[in-house]
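My notes follow in the order I took them.

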Amino acid sequence: MKAQALCDFLGTVPLFASLTEQERKEIAGLMLHKRVKKRDILFYEGKSCTAIYLLKQGTVKVYKITEDGREQIVNVLHTGDMFPHVGVFGGGVYPATAEALEDASLYFINVKELTALLTSNPSLCLRLLQVLEAKILELQRRLSDVLSRDMKEKIINTLLSLARSKGKEEAGGYSLEMELTHQDLADMVGTTRETVSRIISQLKKDGFIEFNVHRIWIRHS
């Protein structure tokens, strides 16, 4: 992507939208491009955090491995998302593993260069804090779901959250273009693939959703 096109793209990203064009150009000058294939690992949990990523195209899942060896998805990222949200500063480590769910295009910036940029740009630093606050609130909501909802409600709520934030509204519901398997959804809500398949089948019969590996449509709740 040429410098001006990257600058324009940064203007669509919440973290950078309030900056001047000149400030975005400075950031664009620090960013490097990377393409990854489906199932490629961007970084591993526990490894030293050396870069922060901006997703240009594609979908990335972020997950942790539980004590019993099960994969627990903590986030699914789409175009315009930056990650990770913690472990970036103070010599931290990546809090989870990031894996491409499909072929993806990303930009990344070295943590040391980002730190220097934030030090010299208070408005960008404030925007980063706002983005992190929103992410913390989202994680708190998801934790509340895990603790208080039954599995059918968890699945519906997870799909609605994805569709509202990353999809588009259509007559009667939301449409989301992304690769999401029953196993991916099971890892997100903390259950088995068989349970997800059973609930998805029932929701399809009820006319509440249309679900395949590339597209999801879900009715307004």
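This is a predicted model: local features need pLDDT of at least 70, side-chain atom pairs count only at pLDDT 80 or more; totals for chains, interfaces and linings use all residues.

Side chains of opposite charge can pair when their charged atoms come close.

I looked up K38 next. Its side chain meets that of E179 in a salt bridge, at 3.3 Å from N to O. Which parts of the chain does this pair link? K38 sits in the loop between β1 (32–36) and β2. E179 sits in the loop between β10 (173–177) and α6 (182–189). The two are 141 residues apart, so I noted the pair as a link between distant parts of the chain, as the β and α elements here are DSSP runs.

Phi of R39 is near 80°, a positive value in a residue other than glycine. I wrote down the background: most residues other than glycine have a negative phi, and most peptide bonds are trans.

**A cis bond.** I then looked at the peptide bond from F83 to P84. That bond is cis, with omega near 0°. P84 lies in the loop between β6 (82–83) and β7 (97–100).

**Domains.** I turned to the domain assignment. The assignment gives domain 1 as 1–120 and domain 2 as 155–219. Twelve residues from domain 1 and nine residues from domain 2 take part in the contact. Taken over C-alpha atoms, the centres of domain 1 and domain 2 are 25 Å apart.

How much area is buried between domain 1 and domain 2? I read about 1000 Å², and carbon and sulfur atoms give 51% of it.

**Across the interface.** I listed the polar links here. Two salt bridges are found across the interface of domain 1 and domain 2. Four residue pairs are in polar contact across that interface. Which strand gives the largest share of the side of domain 1 that touches domain 2? Strand β5 (residues 71–77) does, with four residues. I also sorted that side of domain 1 by residue type: three nonpolar, three polar and six charged.

I looked up one more salt bridge, between D184 and K61. Their closest N and O atoms are 3.8 Å apart.

**Aromatic pairs.** Last, I looked at the rings. The structure holds five aromatic pairs. I took F43 and Y53 as my example. Their ring centres are 5.8 Å apart and their planes are at 35°, so the pair is tilted. F43 belongs to strand β2 (residues 41–43) and Y53 to strand β3 (residues 51–57). The two residues are ten residues apart.

Note on methods
Residues are numbered from 1 along each chain as its sequence is written. Side-chain values use heavy atoms; hydrogens and water are left out. Domain bounds come from an automatic or database domain assignment. Contact means heavy atoms within 4.5 Å. Buried area is the accessible area (1.4 Å probe) that two parts lose on being put together, summed over both. A salt bridge is a side-chain nitrogen of Lys or Arg within 4 Å of a carboxyl oxygen of Asp or Glu. A polar contact is a pair of N or O atoms within 3.5 Å; within protein, one must be able to donate a hydrogen and the other to accept it, and residues adjacent in sequence count only if both atoms are side-chain atoms. Ala, Val, Leu, Ile, Met, Phe, Trp, Tyr, Cys and Pro count as nonpolar, Asp, Glu, Lys and Arg as charged, and the others, Gly among them, as polar. Rings of Phe, Tyr and Trp (its six-membered ring) pair if their centres lie within 6.5 Å; planes under 30 degrees apart count as stacked, over 60 as edge-to-face and the rest as tilted.
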